[in-house]
2 protein chains.
Amino acid sequence: MSKQPISVIFKPYEKTVKVLEGNTLLQAATQAGLVLNTPCGGAGTCGKCRIQVATNAGNPSEADILNFSATQLKEGWRLACQTVVQQETVAYVPEQSCFTGRHQIVTESQTPTVTDLSPALRKIYVELPKPSMQDNDADVLRLEAAIDKFEIDLPLLRRLPSRLRHQEYKGTAVLAGHDLIDFEPGNTTDQCYGVAFDIGTTTLAASLHNLVNGDELAMTSQMNPQVAFGDDVLSRIQHASLSADNLEDLGHSVKTAVTEMILDLCEQASISPHMIYEAVFAGNTTMEHLLCGIDPAPLGQSPFVPAHARGLWLGARDLEMPINPHGRVYVFPLIGGFVGGDTVAGLLATNIHDNQGTVLMIDIGTNGEIVLARNGKIWAASTAAGPAFEGARIRCGMRATTGAIEKIVLNEDVHCSVIGNVSPVGLCGSALIDLAAVLRKVGMISSTGQLLPVNQLPNTAGAMQHRVSENSEGQLEFLIAHANQGSADGRIVLTQRDIRELQLAVGAIRAGIKIMLKQAGIKAEAIDQVFIAGGFGSFIRRDNAQAIGLLPIEIDLNRISYVGNVSLAGSKLALLSSRARQQAETSARQAKHLELSLDLEFQMEFADAMIFPDLP
Amino acid sequence: MSKQPISVIFKPYEKTVKVLEGNTLLQAATQAGLVLNTPCGGAGTCGKCRIQVATNAGNPSEADILNFSATQLKEGWRLACQTVVQQETVAYVPEQSCFTGRHQIVTESQTPTVTDLSPALRKIYVELPKPSMQDNDADVLRLEAAIDKFEIDLPLLRRLPSRLRHQEYKGTAVLAGHDLIDFEPGNTTDQCYGVAFDIGTTTLAASLHNLVNGDELAMTSQMNPQVAFGDDVLSRIQHASLSADNLEDLGHSVKTAVTEMILDLCEQASISPHMIYEAVFAGNTTMEHLLCGIDPAPLGQSPFVPAHARGLWLGARDLEMPINPHGRVYVFPLIGGFVGGDTVAGLLATNIHDNQGTVLMIDIGTNGEIVLARNGKIWAASTAAGPAFEGARIRCGMRATTGAIEKIVLNEDVHCSVIGNVSPVGLCGSALIDLAAVLRKVGMISSTGQLLPVNQLPNTAGAMQHRVSENSEGQLEFLIAHANQGSADGRIVLTQRDIRELQLAVGAIRAGIKIMLKQAGIKAEAIDQVFIAGGFGSFIRRDNAQAIGLLPIEIDLNRISYVGNVSLAGSKLALLSSRARQQAETSARQAKHLELSLDLEFQMEFADAMIFPDLP
């Protein structure tokens, strides 16, 4: 057997990598920097990592045969995760199989402005009196007299005396909180930058700030390359738990992306990464654990216990951050196993602890985080909605990337908007909600979620009647559009099973809200405001979300607002304000972490919540 | 030229080492673990590292010719620092050239007992409730609930979750102040030890303590192997300043000795070094800098500025301590460039800040440290006495090791006590003081320090008259005893120049005390107590010290007491009591550091102080 590396070329990206025989095309793609869709973590079950092998496709695997038609198999379509590289290969990667930079990542938010710019990282230029016999205090005391009392580690203490003398007792003290982390030659006080990160399960977003005036200088986002190890946190926890190498791979994966993003931010703003002294990270509990190299195994099984709770204040070197080597990293505090630093950042960004009224914040995603705040009290919970909103487990589901139908409106018939104005290849979560709401409104779906057969369709279905048919498995399905590639039979459909998946996802969040309101002793009508947070939430139509029960129907539409990526917004605040950072720590401990599934009525509420609301 | 290592055998120690051609015998001896006397740092000027080469002694160097008679040169006597190894060599090392374990090192002291045993290092055994869905707080919070809020570093945080689970939520938390440094399996609370060190310029002393009950389990001492790089701090500073390698060599040298001592303590007490969690070090400013790898160059020139002032709280790994790798090191706070952690430890051990009266503490050595305390105020200063008390620069001077005359009494003629009850080979500092006092009392030395010629000797000289003669250089000298080896002509003498050296040393300390009293506005008569601290002080006779002006003659003998090795005693206190450690930090900053040489009257006082006091 040859141990020579074998070339694999990915089209249309024109990326070539060399891998050893025995690697899968998924591994090769990851190596090439392509992030294929693998909600199942490469187990061959989700059928989302479709690629077309242009040259000598080998024998199809069992999973291939299940996922592709005979024609497709003949044309070289395969699942990348199941295809072992045995010879030089050219593979075509369709857009719906691969995350691209064109993925919709929300980085915007309504960030409260920082009124008290007080970053933990600050620089002070000093010109010290030179020591004399009359004034021969220790170097550390001399410097402290000019700034403030500080801590100093041994490596810097070893360098400080010669620094002071070579620089003739002038220079720029770099302080991280109460720690002196460097003493630079000259006056570099105008060169002090920091980065704020939102590390989501699916997407990463970051911004670069001038810590002197708080200005935002650049923004960047990209997919979390960890998706190659599974789409949801549980599959990543499982992967990480298997071996120390896996844990390291996951950490390395996100850190590689973080490095790219930092370099991108620096390029945009024309600054040196060396002038970045702090990086702040807000992410869910699992993402933060993986970033820090903490085994998330206990998060993968009941009772879902995180390792730490308070924020972590680490050295840039500890996490191999490509910023100033003396710089620092702040990782957000956590509320619980599934209510993480991203939620805490959200509390901060929405200033929810100061809000006088009753506020409900919902971050709709694979895990729906729900926060309720009233009179300074905060309740927080997580509910497992599953990956339906991300397009997973939905027959023609896909992420909100180019080619995804992202909006469906009813105008006698259904009309689709496609991301990138290209031919549609699937539908993403927001369109799924739209479609379910439309079909519900016209009566094509019953309150129990049943797609009615052709012969029972109401007249209101109108032109859409012809879209319903029975598929080869005897399941009813609704034809949304025709695709030109990738889909097994060129049809983009909504199946009865898809509706069930949506009901499960909606039910989890709806029941979560109900239980939380009950435990807090608040009726839905008492809610003054609903904040919809997070990337996905920003794309949904409020009325449609209410129509399928995802948002409480009792709330007036104008009381429901989008707050955007509050995780990134909170991360920025913590970067720019020590007070905000302190508030994050306080809120994280103050928030009461509710375990919804412990509520005796949860199962009943969940079953109830799966029933679509009555239409007005 | 051969690059093969060459054997060198040192007798009578029977130590063999292999060195490369071109190394000196001094380097070979250091490699063999022998600490030769090198007050000059190996420059060939002090003539103290005499050895006898038994085989093929090469041509004598210029320094050899100056230091040895023709007969001695012929017999193979050489200075080890000037003799280059060129072939297999057997060398005899006389006792007066080498520090041996029999050197008198004071480790005893009147230590105030620790009433509040509260070491910074403590262990707490916990059995935590296992997490459940009702109680799924983070691991860190769970542990904190059982002990107290703590800080934890990333490496331990990474290990903590699996530790807790493998140990079924039971184990021993190891705390260093507010830092959790380890979580050990089982209940190890009875295995918690610490070591206290006094790191002197010449000698190292250490004790091992059970931190659970404060018991002292073992004690050890040895020479500071750094003496190979020079006898006094200035020569070591000079050596360290030359290159980073030299600095590292000095650090390595003392750390090697510290390692040996820790292993010795462990062997004595039959414990594992792994069970030692803290090491405390008190030393003068230079010794502490060298231990920590901080370049002491600024201490070597005016204005003598140390790098740090507060105590250092370091990781055992930072200083490569052979204790528990998670353990800690506390290095005492400093008062100034020449008033270091050893003096602060002395303040602590004598409880001087709490003393109601006026107390003068003197540590007589190469640097005399002088502390005055009155009504809670503390003044501290250092005065450069030079190495005369250590036997350096004295013709027949030597350290207080085997063969040294350490006591001289007058009983018609002088009578000597020799350490080890062997034939005398030289005299050490305490005998030097005795002899000067005796000669002064009988009128053989004038108040200006002149040794009177034979024809001017008073009758009181009696039997001692015949001991005075003129040497070949035309200098008067006093014959103390006959030596059987090592001395140039077999005579142990006190020369006129030796008396001058003694006057300089005494004058420095006496003037220091005077200036300090003046600056504090206190008259000598107001002193309630004099504490004589340090290794050397313990061996001097108070009345003789007064007779030559080293101690204030105004003070009643019974108000002068020996307090022993207060540096080690203070180090122990800081190990056993966090309150004491806090007190050390407070006292170090509270003490007013006086620069005696800045006093306009210093030179005049110094000149005055060289005149021996009038005899009663």
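**View 1. B:A279 sits opposite B:V329 of β17(B).** We're looking at a predicted model, where local features need pLDDT of at least 70, side-chain atom pairs count only at pLDDT 80 or more, and totals for chains, interfaces and linings use all residues. Residues are numbered from 1 along each chain as its sequence is written, with chains lettered from A and ligands numbered from 1 in the order in which they are written. Strands β15 (residues 276-283) and β17 (residues 328-331) of chain B run parallel and share four bridges. Strands are DSSP runs of E, at least two residues, and helices are runs of H or I, at least four residues, numbered from the N terminus; two strands pair if DSSP finds at least two bridges between them.

**View 2. An open sheet of six strands in chain B.** The order goes β14-β13-β12-β15-β17-β16, with mixed pairing. At the edges are β14 (216-223) and β16 (312-315) of chain B, each pairing on one side only.

**View 3. Helix α7 (residues 244-269) of chain B lies across β12, β13, β14 and β15 of chain B.** Helix α7 of chain B runs at about 145 degrees to β14(B); axes are lines fitted to C-alpha atoms, for helices over the stretch in contact, and angles run from 0 to 180 degrees between N-to-C directions. Contact here means C-beta atoms, placed from the backbone, within 7 Å.

**View 4. Chain B on chain A.**

How values were computed:
Copies are superposed by least squares on the C-alpha atoms of residues with pLDDT of at least 70 in both. Two residues are in contact if their C-beta atoms, placed from the backbone, lie within 7 Å.
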